[in-house]
Amino acid sequence: MQVTVSEKGQITLPQALRLKLRIGPGSRLEVDALDDGSLRVRVLARGSAGLAGLLARPGEPTQSLDQMDQAVVDAAAERAGRVRRAPRT
């Protein structure tokens, strides 16, 4: 995959690559120059801002561990393109 460097030294990552790596506005990348002249680019872990909303909110009921586990299963299945629910115990 080829990209072109602009006059400002910027590159544009192709959309397919951004979607595959879940890179969006504000994403941070680490770039290293290797001895062979190639570049290694790594998507940095999402910061703590991505954790907003995980804690209980005033006025809303708390969730049980089973409910949280089910939410994780549902989200993973949705991302994988299939819906499969964990067996209820």
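**Note on salt bridges and backbone features**

1. The side chains of Arg40 and Asp32 come together in a salt bridge, with N to O at 2.9 Å, the term standing for a side-chain nitrogen of Lys or Arg within 4 Å of a carboxyl oxygen of Asp or Glu. The model is predicted, so local features need pLDDT of at least 70 and side-chain atom pairs count only at pLDDT 80 or more, whereas totals for chains, interfaces and linings use all residues. Residues are numbered from 1 along each chain as its sequence is written, and side-chain values use heavy atoms, with hydrogens and water left out.

2. Arg40 is partly exposed at a relative accessible area of 47%, and Asp32 is partly exposed at 26%; here buried means under 20% relative accessible area, exposed over 50%, and partly exposed in between (1.4 Å probe, protein chains only).

3. The structure holds two salt bridges, and Arg42 with Glu30 forms one of them, at 2.4 Å from N to O. Arg42 belongs to strand β2 (residues 39–43) and Glu30 to strand β1, so this pair ties together parts twelve residues apart in sequence; strands (E, at least two residues) and helices (H or I, at least four) are DSSP runs, numbered from the N terminus. Both partners count as partly exposed, Arg42 at 46% relative accessibility and Glu30 at 30%.

4. Arg22, in the loop between α1 (15–21) and β1 (29–33), has a positive phi near 55° although this residue is not a glycine.

5. Helix α2 (residues 65–80) has 16 residues and should span 22 Å at 1.5 Å a residue, which agrees with the 23 Å between its end C-alpha atoms; the expected span is 1.5 Å times one less than the number of residues. Gly81, which follows α2, has a positive phi near 85°.
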